[in-house]
Structure formats: C-alpha cells, structure tokens
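Welcome, and thanks for taking a look at this one with us.

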Amino acid sequence: MTDARIITGNQAAALAARLCDVQVIAAYPITPQSQLAEMLSLYVESGQLRAEYVRVEGEHSAMTVCIGASTVGARVFTATSSNGLLYMHEQLHWAAGSRLPIVMCCVNRGVGAPWSIFNDQQDSLSQRDTGWIQIYCRDNQEILDTIIQAYRIAETVYAPVMVCYDGFVLSHTMMPVISPPPAAVRKFLPAYKPHTILDANNPMTINSVLLPNRRPDSEGVVCDGYMEMRYKLQNALDRSPETIREVNRQYAEAFGRDHGGMLWTHRTEDADVILTSMGSLAAEATVAADALREEGIKAGVVGIRVFRPFPEKQEVVEAYRNAKAIILFEKSISYGYEGGLCSDLKAAFYGSDIRAVIHDYVAGLGGRDVKSRELVEAVKSSLARIAAGERELKTTWLNCHTE
Amino acid sequence: MPQNLFKIHEKEYVLPGTRACQGCGLSIAYRFALKALREDTIVTLPACCLCVLHGLYPLTPVLVPSVNNTFASTAASASGIAAGLAALNRTETTVVAFAGDGGTFDMGLQALSGAAERGTDFIYVAYDNEGYMNTGTQRSSATPLGALTTTTPVLTKQQHKKDFLKIMEAHQIPYIATTTPAYPIDLYDKFVRAKRIKGTRFIHIHTPCPPGWQYPTKDTIRIGRLAVDTGLCVLFEVENGKFRFTGRSRTLAEKGNKLPVVHYVERQGRFKKMSIEQLRQLQDWVDDRWEEYKKKAAESK
C-alpha cells in the first residue's frame with residue numbers, strides 16, 4: 001500500500017531526513033525554512049527519530065556542528081535559507097574541503113539588502129563555488145526523493161550536497177507526496193561509512209596547515225599539497241554526474257519515480273524553442289510550453305536539475321540539439337553580467353554546432369509572482385524579436401518596471 | 001599541596017618538533033593539559049598558535065586526535081563532535097576545545113556562549129596570550145591596558161582587558177578554572193578535575209608569550225609567576241558557583257603579600273610606553289578585582 005499524504009515542501013524534507021535516519025541535526029530558524037526545523041524537533045522530542053538535535057545560536061555554528069559530527073562519523077542534516085546560507089559561507093567551503101557528506105536543504109529565498117522573505121535563488125546561486133553539489137527540485141515529491149538520493153550521492157563521492165527548493169512556492173505549498181517505506185529506504189541507503197575514524201590508537205590532526213608543495217611524511221611517503229587536495233575535490237565533482245545519474249536510475253528502479261539525473265526534458269524532441277530554468281519555475285515552464293504548443297509553437301523545456309556539477313557538455317548539447325531559440329528564466333543574477341545559468345549554458349555550447357539564439361530573462365526576484373502565461377508572452381516576444389533578425393538579446397527583466 | 005604532584009602521567013602527547021616559538025607558554029600548558037586528559041580525547045582548535053604548534057601536514061608532533069576548524073567556530077566544532085559521539089554512543093571520549101584569546105574573547109564568543117548555554121559536554125580552554133600573536137601581535141580585547149601591539153603601536157592599548165571570566169560565570173556552568181603554565185601542577189590538577197565533571201567546563205590559561213610580550217625566552221615561567229604574584233593572573237576555581245582561590249593565589253590571599261604590578265610590567269617590552277597614569281589605572285583595576293575575588297571566596301565558604 002502506498003503511503004500518500006498531502007504535505008508542504010518543508011514537511012516533505014523533514015520526512016525525508018527522518019527516513020534517512022539522520023543522527024545529528026543542527027539548525028537555526030529562518031523564514032521560510034523554519035517549519036522544517038520545527039518538524040524535526042517534533043520528530044526528535046516525540047521519539048519518532050533517534051537523533052541528536054543541536055539548537056545552535058546561528059547558521060555559522062549550524063554548519064560547524066554538522067562538520068564536527070560528520071567528522072566523527074555521524075550522518076548529519078541541516079537546512080537554511082537566504083542570509084542564513086550566506087552566514088554559513090565560510091563553513092560551506094570548510095565542509096567541502098573536508099570532503100564531508102553533509103546534506104543540507106536550501107529553502108531558496110531572496111537576499112538582503114533590502115530585506116525580502118520571499119523566494120528567488122540568489123542565495124544558493126551565490127554559493128556556486130564552494131565545492132557543494134547543488135540539486136534543484138520542482139515539487140514536493142522531488143524534494144523528498146532528492147534528499148534520500150542526496151545522501152547516497154554525498155556518501156559515495158564524499159562531497160556535500162545542497163538540496164534547493166523554492167521558498168513558499170514549494171516550502172509552504174501542500175501537494176500530494178508518496179512516502180516510501182522506511183525499510184526500503186534503509187535498503188537503498190546503507191549506513192554512512194566515514195572516510196576517517198578519529199581514534200586514540202591512530203591519532204591525527206585533521207585539516208592542519210599545509211604548504212603549497214607536496215611533502216613527505218615521517219615514512220618518506222610524499223603526501224598532497226594544497227593544490228592536490230583542491231584538484232581531488234574538483235575531480236570528485238567532475239566525476240559525480242555518473243554517480244548522480246546512477247543513483248537516480250536505482251531510485252527509479254526501487255521506488256518508481258525518475259526525476260532525471262542531471263537534467264530533465266519536456267517535449268523537446270521536435271521543439272524549435274526550448275525554455276530552461278531551475279526549480280519550481282522550470283515546472284511552470286512546462287505549463288507554458290504546453291500552452292505555446294496549443295498556439296502552434298513547438299516548445300519544450302530543459303530543466304537543469306543539478307547546477308553543480310554542471311551537466312556535462314555532451315548531455316547539454318544533446319538536450320538542446322534541435323533548438324533554434326533557447327529562452328532562460330532565472331531567479332538570480334550575477335550583477336554586472338547576466339544570469340549564472342545563462343553563462344554556463346553558453347559555455348557548454350562552445351565548440352558545438354548549436355547556433356540557437358539565447359535570450360535570458362531575470363524573473364521572480366524577491367518573490368514576484370511568475371505565471372505561466374507571462375512565460376508564454378515572454379517567449380512569444382523573444383521569438384518575434386528573433387524573427388525580426390535580432391541575434392543578440394540583452395538580459396530582460398521580466399515583469400519589472402525598468403523605465 | 002597540589003593533588004597530583006607525584007602522579008603526573010609519564011606519557012608525552014606533545015613530542016619534540018612542534019612549530020611553537022622558543023619559550024612558548026602554550027607549549028608547556030598543552031603538554032601538561034594533554035597528560036592530564038590522556039588518550040580518549042578529541043581536541044578541536046581554530047586557526048591560532050596551537051594550530052601552528054600542531055605542525056605542517058603531513059607531520060604532527062601531537063599524539064591526540066585533533067580537528068581543525070575556522071576561527072569563529074571552536075565551541076561549535078566541539079558541539080558537533082560531542083553530538084556526533086553521543087549519536088554513536090561514544091560518550092566516554094572527552095571533547096576539548098582549545099582556542100586563544102582572539103578566538104574566545106572576540107571572534108569565538110558567540111559559538112562559545114551558545115555551547116555553554118546548551119550545556120554541551122566539553123572542556124573549553126582559552127589560552128590567553130593577550131593578543132593576536134599568531135598573526136603578529138595585534139590588539140585583542142584580552143590585551144591589557146598600556147600594552148604596545150602592532151595595531152596599538154604608538155599610543156598603547158587604551159582599554160582594560162575584557163573580564164571574560166565574568167561572562168563565563170554568567171553562563172552558570174559547572175566548572176570554571178584559571179591557571180598558568182608557570183604552575184604546571186596547578187594546571188594539571190585542574191584538567192584532571194575538569195575531565196571528571198560533566199557539562200560545559202571552562203579553563204582560562206594565562207599564557208606568557210616571549211615574542212608578543214617582549215621578554216627573554218628563558219623568562220616564561222618567571223613572567224607567569226610574577227603575573228600571579230601581582231594579581232594580574234588570579235588562580236581560582238568556580239565549581240557549581242562556589243569560588244575558591246587555589247595554589248599561589250590562595251597563599252597570597254591568606255598572607256596579603258601581593259606584589260605591585262610594576263614588578264610584572266617592568267620586565268616586558270610591551271609595556272615600555274605605558275604612562276604612570278596607566279600604571280596607576282592598571283594597579284587599581286587589579287586591586288578592585290582582587291577585592292571582588294576575596295569577597296567571593298568569603299561568600300563561598
């Protein structure tokens with residue numbers, strides 16, 4: 001019998017953490033993540049989850065507690081949003097540099113100043129270069145499934161994973177979610193094996209200072225310098241798409257739900273125009289694509305599920321193979337240039353035979369609502385400009401008064 | 001008499017080859033602290049002089065498992081290690097955080113306050129060399145009045161040292177102690193006692209620093225003892241709110257023969273620009289605290 005319930009994204013995330021038998025939780029409340037921190041407290045205090053819950057005094061400490069607990073071999077979980085994530089920034093680098101399989105939810109929210117409690121993805125996008133794997137979810141079911149997958153991925157490649165989902169749009173919206181049987185999750189997700197055991201019989205200093213160059217230990221074995229360690233982290237992320245796809249495939253086999261590995265497509269086979277986004281806005285784009293098709297425009301969607309590592313060139317080029325126009329909708333901006341996803345996508349096309357015109361839209365910042373019909377209008381307006389001979393379309397701010 | 005005078009653990013946990021400076025007060029303190037704590041201990045530390053002492057990867061002279069973390073995070077790192085060990089039923093292991101005064105009085109204060117308020121089961125050690133010595137002797141909130149540092153290079157520090165022990169007392173933790181490597185058996189005793197207590201324990205180590213304080217490296221013990229004799233460093237314990245002087249400070253309190261601070265100040269280059277007025281203010285500050293402590297000791301009887 002399937003266990004289906006109508007729950008919010010935050011509840012789905014809490015449920016997933018419980019199903020993963022997390023052993024240490026450290027969290028600090030921030031809107032729109034708070035409900036997730038509260039649910040986990042309830043699970044722990046009512047005995048539904050056997051875990052240490054450290055109610056820290058700030059997000060910097062939340063990530064630090066996760067680092068400490070993961071170092072000694074516990075499976076850890078945390079979640080945050082917006083400025084909370086930014087406050088963790090230093091520790092995000094430390095977690096990845098320590099090669100710890102920490103899983104964290106980022107409940108995406110706009111970043112101050114000025115204050116906004118509402119959704120965009122500037123928070124997680126601005127943490128792009130911290131060495132974390134970043135996965136963006138479309139709906140509450142994908143949140144639950146992705147967290148379970150995230151532990152498998154993290155504990156295979158020894159890199160932390162950030163599971164991102166849109167604040168309020170998903171975090172506070174109720175949707176039907178199927179909860180997999182705990183025994184099946186345990187089978188899918190074996191117990192965490194730490195890469196290092198801190199033991200009095202084998203004392204070591206973890207993450208001590210090192211020099212630029214490789215250096216021999218007391219037995220003459222030449223050990224890594226700083227660059228070799230950095231290279232190994234890059235190499236782990238470079239190779240992780242294989243793991244991410246395989247975990248997704250095995251998950252689909254075990255639980256019957258396939259969310260796509262690195263990216264997913266919607267009606268792209270014959271599409272002339274491909275809409276692209278991440279998270280819930282990508283789901284909205286599928287509604288827009290269907291509406292465009294009803295108007296005779298052959299539209300499809302490529303949803304970028306994993307932003308770091310970025311999907312490999314071959315997969316990206318294949319996904320956009322037949323597109324004449326690519327329209328991006330991004331809930332973030334790299335100030336002084338364009339949306340970060342747009343830059344990465346263009347880079348992936350370099351040297352390929354893809355010659356599609358690319359038009360980048362910045363949309364929905366600070367929670368401004370983005371409706372599918374607005375996406376439809378934006379696509380039609382882009383196509384009209386392309387038809388009129390424009391090849392270079394500057395980033396457009398959707399539904400924003402720019403006069 | 002010190003309790004462990006004839007019982008000091010023979011095993012060395014800090015082998016020769018540390019990267020600490022000659023005459024380093026921390027080296028002595030760390031050596032005796034680890035002897036008292038023994039094998040089943042995990043140390044966590046931030047970027048600080050101790051991190052330097054631990055050496056350069058892949059070599060370390062320290063025979064206790066240790067975890068580095070960032071500057072502001074020492075107590076949170078200990079919280080995480082303690083929570084992880086608790087989740088894995090490894091509660092017999094002692095978790096010890098070591099940080100300097102910068103990483104405690106300044107940047108690490110939030111994490112330490114949080115961990116202490118939560119009653120985290122660990123020992124927090126603040127080794128106080130009264131400045132950012134690892135980065136080249138910059139001013140911290142633990143630097144005493146009248147001291148030259150590289151960020152108070154002309155006028156000297158204009159404020160008194162932060163009374164951090166009062167902040168820790170306000171957290172109502174089961175054990176607070178002050179000690180100094182100048183009296184290593186006092187230090188050893190306090191770590192042995194702290195290890196036996198559950199909950200958050202705080203040990204402050206007054207830590208003479210030859211390059212930062214500008215005195216000859218052979219004088220570390222002498223300077224440390226003068227700090228005690230003048231009342232700048234007061235040796236005490238606060239156990240479950242009960243205050244008691246220990247060791248040399250108890251003798252001084254009983255006999256009333258505390259030395260004027262000038263005996264301590266005149267031996268250190270860092271005080272060479274100290275004004276007569278500052279010296280008077282420092283003496284008043286020391287005397288006020290001394291009276292406060294005596295009152296506390298009397299109330300705790």
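Predicted model: local features only at pLDDT ≥ 70, side-chain atom pairs only at ≥ 80, totals over all residues.

B:Val43 stands opposite B:Ser66, a residue of E2(B).

- Which strands make up the open sheet, and in what order? Nine strands form it, in the order E9(A)-E2(B)-E1(B)-E3(B)-E4(B)-E6(B)-E5(B)-E7(B)-E8(B), and their pairing is mixed.
- The edges are E9 of chain A and strand E8 (242–245) of chain B, each of which pairs on one side only.
- As background, strands of a sheet pair through backbone hydrogen bonds, and they can do so in a parallel or an antiparallel way.
- E1(B) and E2(B) run parallel and are joined by three bridges.
- Across the chain boundary, strand E9 (residues 205–206) of chain A and E2(B) also run parallel, with two bridges between them.

**Helices on the sheet**

- H3(B) packs on the sheet, where it touches E1, E2, strand E3 (94–100) and strand E4 (122–128) of chain B. The direction of H3(B) makes about 170° with that of E3(B).
- Helix H7 (residues 184–196) of chain B lies across E3, E4, strand E5 (175–179), strand E6 (200–206) and strand E7 (236–239) of chain B. H7 of chain B runs at about 165° to E5(B).

**Where the chains meet**

- How many residues of each chain are in contact with the other? The contact involves 40 residues of chain B and 41 residues of chain A.
- On the chain B side, the elements that give two or more residues are strand E1 (41–45), strand E2 (66–68), helix H3 (74–87) and helix H5 (109–117).
- H3(B) provides the largest share of that side, with 11 residues. H3(B) is also the helix that packs on the sheet.
- Sorted by class, the side of chain B that touches chain A has 21 nonpolar, 16 polar and three charged residues.

- You can find A:Val54 in strand E3 (residues 52–54) of chain A.
- Is A:Val54 buried or exposed? It is buried, because 31 other C-beta atoms lie within 10 Å.
- Leaving aside neighbours within four places in sequence, A:Val54 is in contact with residues of both chains: A:Val24, A:Ala26, A:Val65, B:Ser79 and B:Ala83.
- A:Val54 and A:Ile206 are 152 residues apart along the chain, and 23 Å separate their C-alpha atoms.

**Chain A as a whole**

- Chain A contains 13 helices and 18 strands.
- The radius of gyration of chain A is 22 Å, close to the 22 Å that the globule rule gives for 403 residues, so chain A is as compact as a globular protein of that length.
- Along its principal axes, the C-alpha trace of chain A spans about 75 × 50 × 45 Å.
- Of the 403 residues in chain A, 52% count as buried.
- Taking contacts in chain A between residues at least 6 apart in sequence, 79% join residues at least 24 apart.

**The two domains of chain A**

- Chain A is divided into domain 1 (3–188) and domain 2 (263–397).
- The centres of these two domains, taken over C-alpha atoms, are 28 Å apart.
- Domain 1 gives 24 residues to the contact between them, and domain 2 gives 19 residues.
- On the domain 1 side, helix H6 (122–125), strand E6 (133–136) and strand E7 (161–166) of chain A are the elements that give two or more residues.
- The largest share of that side, four residues, comes from E6(A).
- By class, the side of domain 1 that touches domain 2 has 12 nonpolar, seven polar and five charged residues.

**Chain B as a whole**

- Chain B contains 12 helices and eight strands.
- The radius of gyration of chain B is 18 Å, close to the 19 Å that the globule rule gives for 301 residues, so chain B is as compact as a globular protein of that length.
- The C-alpha trace of chain B spans about 60 × 45 × 40 Å along its principal axes.
- Buried residues account for 55% of the 301 residues in chain B.

Definitions and conventions. Residues numbered from 1 in each chain as written. Chains lettered and ligands numbered in written order. Contact = placed C-beta atoms within 7 Å. Nonpolar A, V, L, I, M, F, W, Y, C, P; charged D, E, K, R; others polar. Pairing = 2+ DSSP bridges. Domains from an automatic or database assignment. Rg over C-alpha atoms; globule rule 2.2 N^0.38 Å. Buried ≥ 20, exposed ≤ 12 C-beta atoms within 10 Å, placed from the backbone. Axes fitted to C-alpha atoms, helices over the stretch in contact; angles between N-to-C directions.
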